[in-house]
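Here is a quick tour for anyone opening this model for the first time. Keep the picture in view and follow along.

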Amino acid sequence: MTETRFHAPERLEDAISLLSADEDARPLAGGQTLVAMLNADLLSPSQIISLHRIKALQGIERRADGSLRIGAMTTHAVLARSGDLRGAHRLLGEAAGRIGHEAIRNRGTIGGAVAHADPSADYPPVLVALEAVIEAVGPKGKRVIPAAEFFQGFLTTALNLGEIVSAIILPPSPAEACTHYEKFARVEGDFATLSVAVALWGGGVRIALGSVGPVPVRSAEAEAKLFAGQLSDGAIKEASAKLVAASDPIDDVRGSADYRRLLIPRLVKQAIRTAQAKDAR
Amino acid sequence: MSERVAVDLKVNGTTHRVSVPAMRTLMAVLRDDLGLTGTKNACDQGVCGSCTVLIDGAPARACLALAVALPGIAITTVEGLAQGDTLSPVQQAFLDAGAIQCGFCMPGMIIQATALLAENKRPSEDDIRHSISGNLCRCSGYTKVIEAISLAASRLTP
Ligand SMILES: Cc1cc2nc3c(=O)[nH]c(=O)nc-3n(C[C@H](O)[C@H](O)[C@H](O)COP(=O)(O)OP(=O)(O)OC[C@H]3O[C@@H](n4cnc5c(N)ncnc54)[C@H](O)[C@@H]3O)c2cc1C
């Protein structure tokens, strides 16, 4: 029987060398998924590498170009009430506030959620809609991966052995952007049956869906229809049809694939109209 | 199995040096190593809320935290709320409102409500419902729980 060892390095390089030397080692962030999996005997890692003491993974920083760098260890609770999120970036805070319950949000982190890549999770559609990039650090150094390429499938990401998510970078956003994250779940705190992330501003419409495919669903055709039709009811209907066609939902305990497809037009319209109403405020 | 690690856990103001396997959850350490069985074990998946404790003042699931990752960090369990024989205002309100049925979910509810009232002195009924949405009561006695939390709020901030 092997023994699970625990490390809490202070330096990012030390965490990476521990992880790249042993494929059965696992990083620990908020533990809100990892420890639940340990409790369910779904995992028995050889080593747990806690990321809590690594300063380089913490904090939110606005960069000179207006982009926002969010450290991987930033919790959902911090993002949900962060005053650093402005313009379209507010979409991320709206989604963070809808994750699980307060006790989960206090511990769970954006880096852990992104690395876990649950198709029903709340951040992935937001990051795809905002064209965020995922910053990863590994034995070969640092690289950035567009969110649309980072999420590759059910619990599958572009991360390589020994690589960890170090930050999420949101590109600059126009201050006038209005946003809405619409989540439909069976009960409060559950994962989404369907979620819709919308950001609107003068020059564009961004929309992505969560929980209706192995990765977030975004459609250039749908966005073009919405833009050309100036968000009219007719344009929303046509765009929804494109999004339904681009989706690939499954039947599960949260709803059948057919049910999810029926929800798409309704939730898309609701999300767009709610975002617009916030703009009018 | 996992190696044992010595860790100083600061629970209810007292530091305990325990030697625990790396994978042991805070819940298991509280209950089995420290004998603090007020923190209840039910789902072990973070869903039910019965093991809710305060970690650094904020509600968290004890079943989803590894004890070894919490050295020196203030942890408050339901046993830490009363002052000697005097119950905390939230505990007293739960008794007075008759909010207790089988009692199993109560420690988690009381911890969650304590955290709510520390941040929000005059919660609306909606705020209260929202706050305890992650604490399941299988007796389904939520109405009295909501009354109890309102009562505690009105006593704390008349
Ligand atoms: C009751 C409950 C309800 C929930 N509801 C929702 C919900 O509604 N919506 C939602 O989106 N999520 C939900 N979650 C999941 C929650 O958001 C988790 O916090 C998140 O998925 C994992 O983040 P973590 O920081 O806790 O990561 P951990 O559990 O520590 O780690 C998760 C995985 O990612 C790896 N990992 C962690 N950090 C990194 C990193 N920086 N780089 C690379 N790999 C890393 C770990 O090794 C592990 O495999 C819920 C969880 C619970 C328990």
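This is a predicted model: local features need pLDDT of at least 70, side-chain atom pairs count only at pLDDT 80 or more; totals for chains, interfaces and linings use all residues.

## Ground rules

Buried area is the accessible area, taken with a 1.4 Å probe, that two parts lose on being put together, summed over both.

Residues are numbered from 1 along each chain as its sequence is written, chains are lettered from A and ligands numbered from 1 in the order in which they are written, and side-chain values use heavy atoms, with hydrogens and water left out.

## Chain B and its two domains

Let's begin with chain B, which is divided into domain 1 (4-79) and domain 2 (89-156). Their centres, taken over C-alpha atoms, are 22 Å apart. On the contact between them (contact means heavy atoms within 4.5 Å), domain 1 of chain B puts in 16 residues and domain 2 of chain B puts in 11 residues.

How much area do domain 1 and domain 2 of chain B bury between them? About 1100 Å², with 68% of it on carbon and sulfur atoms. On the domain 1 side, K40(B), T52(B) and V78(B) lose the most area to domain 2 of chain B, and together they make up 38% of what that side buries.

## What holds that contact

Looking for salt bridges (a side-chain nitrogen of Lys or Arg within 4 Å of a carboxyl oxygen of Asp or Glu), the rule finds 0 across the interface of domain 1 and domain 2 of chain B.

Helices (H or I, at least four residues) and strands (E, at least two) are DSSP runs, numbered from the N terminus. On the side of domain 1 of chain B that touches domain 2 of chain B, the elements giving two or more residues are β3 (52-55) and β4 (58-61) of chain B. β3(B) gives the most to that side, with 3 residues. By type, the residues of that side split into 7 nonpolar, 7 polar and 2 charged. For that count, Ala, Val, Leu, Ile, Met, Phe, Trp, Tyr, Cys and Pro are nonpolar, Asp, Glu, Lys and Arg are charged, and the others, Gly among them, are polar.

Buried means under 20% relative accessible area, exposed over 50%, and partly exposed in between (1.4 Å probe, protein chains only). In helix α1 (residues 26-33) of chain B, the buried residues are L26(B), M27(B), A28(B), V29(B) and L30(B). Their cover includes β1 (4-11), β2 (14-21), β3 and β5 (74-76) of chain B. Just after α1(B), G35(B) takes a positive phi of about 70°.

A97(B) sits in the loop between α2 (89-96) and α3 of chain B. Is A97(B) buried or exposed? A97(B) is buried, because its relative accessible area is 16%. Setting aside residues up to four places away in sequence, A97(B) touches K144(B), E147(B), A148(B) and L151(B). T114(B) belongs to helix α3 (residues 106-119) of chain B and is partly exposed at 22% relative accessible area. Beyond its neighbours within four places in sequence, T114(B) is in contact with L81(B) and V90(B).

## Over to chain A

The domain assignment of chain A gives domain 1 (5-49), domain 2 (58-170) and domain 3 (181-280). The centres of domain 1 and domain 3 of chain A, over C-alpha atoms, are separated by 35 Å.

Now zoom in on S166(A), found in strand β10 (residues 164-170) of chain A. S166(A) counts as buried, because its relative accessibility is 1%. A polar contact of 2.7 Å links the side chains of S166(A) and E135(A). Leaving out residues up to four places away in sequence, S166(A) touches several residues, including R69(A), I70(A) and V137(A).

## Where the chains meet

Finally, 25 residues of chain A are in contact with 27 residues of chain B. The two chains bury about 2200 Å² between them, 57% of it on carbon and sulfur atoms. The count of salt bridges between chain A and chain B is 0, while 8 residue pairs are in polar contact across their interface, both at pLDDT 80 or more.

On chain A's side, the elements giving two or more residues are β1 (5-7), α2 (34-39) and α5 (102-107) of chain A. The largest share, 6 residues, comes from α5(A). The residues on the side of chain A that touches chain B divide into 11 nonpolar, 8 polar and 6 charged.

Conventions:
Domain bounds come from an automatic or database domain assignment. A polar contact is a pair of N or O atoms within 3.5 Å; within protein, one must be able to donate a hydrogen and the other to accept it, and residues adjacent in sequence count only if both atoms are side-chain atoms.
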